[in-house]
Amino acid sequence: MGGSQDRKMVMDYQRKNGSLLNSPSTTAAAFSALQDPNYYSYLSSVLQKFANAVPTAYPLDAYFRLHMVDTLQKFGINGHFKEEISSALNETFRLWEQGNEEIFSDVITTRMAFRLLRDDGYDVSSDLLAEVHDENCCFHQFGGHSENIRSALELFRASQLRIYAHESYLEKQATNSRYFLEGRISKHSTKADRFRKNLIQEVADSLKSPYHANLERLQSRKFIEQNNLDEIRILKSSLSCTNFCNKVFLQLPKDDFSYCQSIHFQEFKQLQRWLAECKLDQLAFSRQKLSYCYFWAAESFSSPELADARISWAKNGVLTTVIDDFFDVGSSEEEQLNLIQLFDKWDAGKSIQTCSENVHVIFSAVQDTIYAIAEKACTWQDRNITNHLVEIWLSLIKSMWKESEMARNKSVPTEEEYMDNGYISFALRLIVLPALYFIGPKLSEEVIRSNEYHNLFKLMSTCGRLLHNYQGFQREAEEGKLNAVSLHMLCENGTISKEDAIREIRQTIEDKRRELLRIVLRGDDDGFTSDDMKGVVKAVLHDPID
């Protein structure tokens, strides 16, 4: 190491703090050979801070700051530490803007910083990931060390936050990192230590549930049960963090989860009584989906103070499912027109006769729910939202009527005609938008009628409709129903296969999802009936934490 060439090569890795790669041992070895005064200053500062217990790497302030935020989010208790998290992310963003080596000298810290900052709405460019870290890095050269798996996992998570079409680096690394991680899972040894086993399980969960499909409450439960806070692995060393690794801190997320769960259980009982009082459980044609509708509400708005949002979401989820079944299999043309007339003449609704008991039950349940939601929302919004609720209900029912008419007449719409109606009939607007009146700032009439508001709803609903169509294509084809996949094949005059049509639909979903994510971050079944989902609902709403 004494030659000028060796010295120059080594000095290329020197940090501004005088160290080599923030490593005390590497810096000490270099100092013994080169006697650089900057090495000495760094080593003196480390010894002054840690005495004889020198860590593998130092400083790690940025890493531990981000690790704290990530851990609080995984535990599902980040809502209790909003100011602390905001402060940590603001400091991280300041370092990111400066190009500070505390962020960019460590690959895991860089990727975690990008993910957490972008997820919280900070304007961070993925170009820096590509510039600082070789875009053509080959994952197969990493080997199977835990540090390499953690690095690849952070890259995979960061790649899920691609919001621009030109972010080719994230697109490429989403594929590369997934391939690498899947290979590590397949080679996982049953004799691995607990830390590695938990890491492998975390990888498996991330691959199974990407960012847009992540169930936060379920993930929080898994993280709590794994209780994986005894140590933090840095390179080949384990560090203990007193902020996390104590029984008092570990008890907090358990207590918080159990407290929220008890509230959710009582709300679910309340909704069961509502269902019986409205006689919706007596409609023979309708699917009974209260558990799943409330599960999605509790998953989306778990905080105790958001009870009104959960109740609104769940009730409208049940009602839209009932009305979907009503138009699909449970009504005559006369009943459908009667229901539309009742909504169309809302103010005169009591003077209009219902033509059947089913119509009476459905309209009464919707009417009572609209009034109940509007009354509660008035305390949040300081205005009456009844007209808005009636308006979006009427829009939904007319779109379902249109679909029913096309089925009766065996007419074939164009793809554009189908989607112009289909994103409305998918019913997400009725589930999501009324709940927004209960979760935050006041929504004026101007806001809810703005182009941005409508565009968010349309993107969300289009993604949902297309996902439903390609996942249920086989079932709907057997039932003789047209959807986006079959219409796309017809539009191409039979020149495109089912597989190619689905591939193109999935690409459309990805494009719409990316656009939706950008807006939000910047300024064989229908999803109800799988056994896996039943277990998820049970874990989040019913089973106690051990």
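Is Arg408 buried, partly exposed or exposed? Arg408 counts as partly exposed, at 33% relative accessibility. Buried means under 20% relative accessible area, exposed over 50%, and partly exposed in between (1.4 Å probe, protein chains only). This is a predicted model: local features need pLDDT of at least 70, side-chain atom pairs count only at pLDDT 80 or more, and totals for chains, interfaces and linings use all residues. Residues are numbered from 1 along each chain as its sequence is written, and side-chain values use heavy atoms, with hydrogens and water left out.

**Salt bridges within a helix**

- A salt bridge puts a side-chain nitrogen of Lys or Arg within 4 Å of a carboxyl oxygen of Asp or Glu.
- The count comes to 28 salt bridges.
- Arg408 pairs with Glu405 in one of them, at 2.9 Å from N to O.
- The two sit 3 residues apart in helix H18, about one helical turn.
- Helices are DSSP runs (H or I, at least four residues), numbered from the N terminus.
- Glu405 is partly exposed, at 22%.
- Arg503 and Asp500 also form a salt bridge, at 2.3 Å from N to O.
- Both lie in helix H25 (residues 498-521), 3 residues apart.
- Arg503 is exposed, at 53%, while Asp500 is partly exposed, at 32%.

- Arg383 bonds to Glu445 in a salt bridge, with the closest N and O atoms 3.1 Å apart.
- The partners are 62 residues apart: Arg383 is in the loop between helices H17 (357-381) and H18 (386-409), and Glu445 is in helix H21 (residues 445-448).
- Arg383 is buried, at 19%, whereas Glu445 is partly exposed, at 35%.
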